[in-house]
Amino acid sequence: MGNKQASQSQSGEEEDRMTAITAAASTAAVPGTPQATTSNYPPQENGEEGEEELPPLPPPMKPITEPILVASGSASSSAEESQGKREQHTENQERNSLLNRELKPVGESATSVCDEEDSNITATFESAVGGTLESSVDKDDGGVAMAGSSTTDGISASSEQTAIQRREYVIRELVDTERDYVHDLREVVEGYMALMKDSDCEIPMPEDLRGGKDKMVFGNVEAIYDWHRDFFLKALEKCTEHPEELGPLFKRYERKLYMYVVYCQNKPVSEYIVSEYIDTYFEELRQKLGHKLQLCDLLIKPVQRIMKYQLLLRDIYKYTERAKLHNETESLRQAMQVMQVVPKAANDMMDVGRLQGFDGKITAQGNLLLHGPLVCCEESAGSNFKGKELQVFLFEQNIIFSEAVGKKTQFTNPVYIHKAHIQANKMSLDEHVDEGDPCKFAIRSTDPRKPNLGYICQPSSKENRDEWVSTIRSILQKQKDFLKAIQSPIAYQKGELTKEL
């Protein structure tokens, strides 16, 4: 009798459980339907004591019931948390990209370029929309079936729609972070700069900052703020309704974005001045303004922002490709190209701005073609190579050797003290100076006033060596062509025409 009663009770419980699971599954299949939060366990009938002697039933199907127990009201808070994590992740990438690595080429496949961030964006987007992006696909041991359709066309259409939704989310993030950026710039311009210009301010400006030195703190940040507030932010906001305008927008304002190169060139000087007064004068101003961030934290925002555009455009380009919106991919590819060139130029100018002791005019040296650390040894030292790492800047008209002094801190970066330079029109290259080390090459001065000036250089790898040697070789060839053009202009022009034919 007891066994029969137990069997009937267990059968009833199994039936109730299957009913609850079926109802939950049907509810989850409909987007936007409120999720059940009640337990799937059947109620205890009459509190019978005999039930306690039966063996325990297996637990409910956890993988099915757990998502149902998540309250839909938590979507917004999850979105905020995920967005915060993505913001921090992106900020770290910006700093690393700016200081420690070369930018990736645009020609790479968008999928391979961006897959490292794909899972991060997916998790954030899913939190924002309050569900799983793949919820329309049911995966089981029998295969993959679309909800309402099992055809290949249906799967493709769903995948493209998902890509469009993800792209819309990244565009919204671009616009939202742009608003935050404009707010940060406003705190600099309408906060610190306004107080420092106010002759009635009760916090006196130190005498050392007067006479134009105060303007070096901010560089052209006011021009950057005015443009973003009055033009660029409004143009980005329109792209939420017209995403096809996003790529052409960055291409159209390419020259305007070079304001950031000017800003970054002044940044090392700004860092030095701010570091002297960060705990005194600028701290008093911060407290009066009621700001949470210090001035140095606000002044780094433009550097971080110019890098973030590239990261967001990569994601938008990737999802545009997946959505098969081929008429928009080319303009986005051009936008990515713009946002690779501008940050690289800005990064280069920050390093050039830390160069001290060079008696020439740095802007008259032509474009900066290469720069970075090389292990160098003065050739006058003879065969005993005892190299020292120098920071070398290769311009079109000059190569400058400098030594890094100081360490990177929260407020400052190392400066580069000039040691020597060789003009391109008085320079020779020896590509093979050591048979035992194919990476070494030598640069010598042909200036009769500097007969013993020369450096043996050792890059970190053969690839790095080849890049330096080929770039220097190209500069020397241009110098020879220029000399020929001056000495025999007619013959030179005929030679150029012959090459073209």
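Me: At what angle do helix α10 and helix α14 pack?
Reply: This is a predicted model. In it, helix α10 (residues 259-277) and helix α14 (residues 326-353) pack at about 25°. Their axes are 7 Å apart.

Me: So is that roughly parallel or roughly antiparallel?
Reply: Roughly parallel, because angles under 35 degrees count that way.

Me: And which hand is the crossing of α10 and α14?
Reply: Right-handed.

Me: Which residues make the contact?
Reply: From α10, they are Y260, V261, C264, Q265, K267 and P268. From α14, they are V342, A345, A346, M349, M350 and G353.

Me: New topic. How many residues are in the largest nonpolar core?
Reply: It has 77 residues. Those with the most contacts inside it include F218, F250 and F282. Helix α5 (residues 152-197) gives the largest share, 14 residues.

Me: Which domains does this core draw on?
Reply: Domain 1 (159-353) and domain 2 (355-494) each supply at least three residues.

Me: What is F250 in contact with, leaving aside neighbours within four places in sequence?
Reply: Its partners are F232, L236, L257, Y309, L313, A335, V338 and M339.

Me: What is in the second core?
Reply: That one is separate and has 21 residues, among them L394, A424, Y455 and C457.

Me: Zoom out. How many helices and strands are in the protein chain?
Reply: The chain has 16 helices and 10 strands.

Me: What share of the residues is buried?
Reply: Buried residues make up 40% of the 501 in the chain.

Definitions and conventions
Residues are numbered from 1 along each chain as its sequence is written. This is a predicted model: local features need pLDDT of at least 70, side-chain atom pairs count only at pLDDT 80 or more; totals for chains, interfaces and linings use all residues. Side-chain values use heavy atoms; hydrogens and water are left out. A nonpolar core is a set of buried Ala, Val, Leu, Ile, Met, Phe, Trp, Tyr and Cys residues joined through side-chain atoms within 4.5 Å. Buried means under 20% relative accessible area, exposed over 50%, partly exposed in between (1.4 Å probe, protein chains only). Helices (H or I, at least four residues) and strands (E, at least two) are DSSP runs, numbered from the N terminus. Domain bounds come from an automatic or database domain assignment. Contact means heavy atoms within 4.5 Å. Axes are lines fitted to C-alpha atoms, for helices over the stretch in contact, and angles run from 0 to 180 degrees between N-to-C directions. Angles under 35 degrees count as roughly parallel, over 145 as roughly antiparallel, 65 to 115 as roughly perpendicular and the rest as oblique. A crossing is left-handed if the near helix is turned anticlockwise from the far one by less than a right angle, and right-handed if clockwise.
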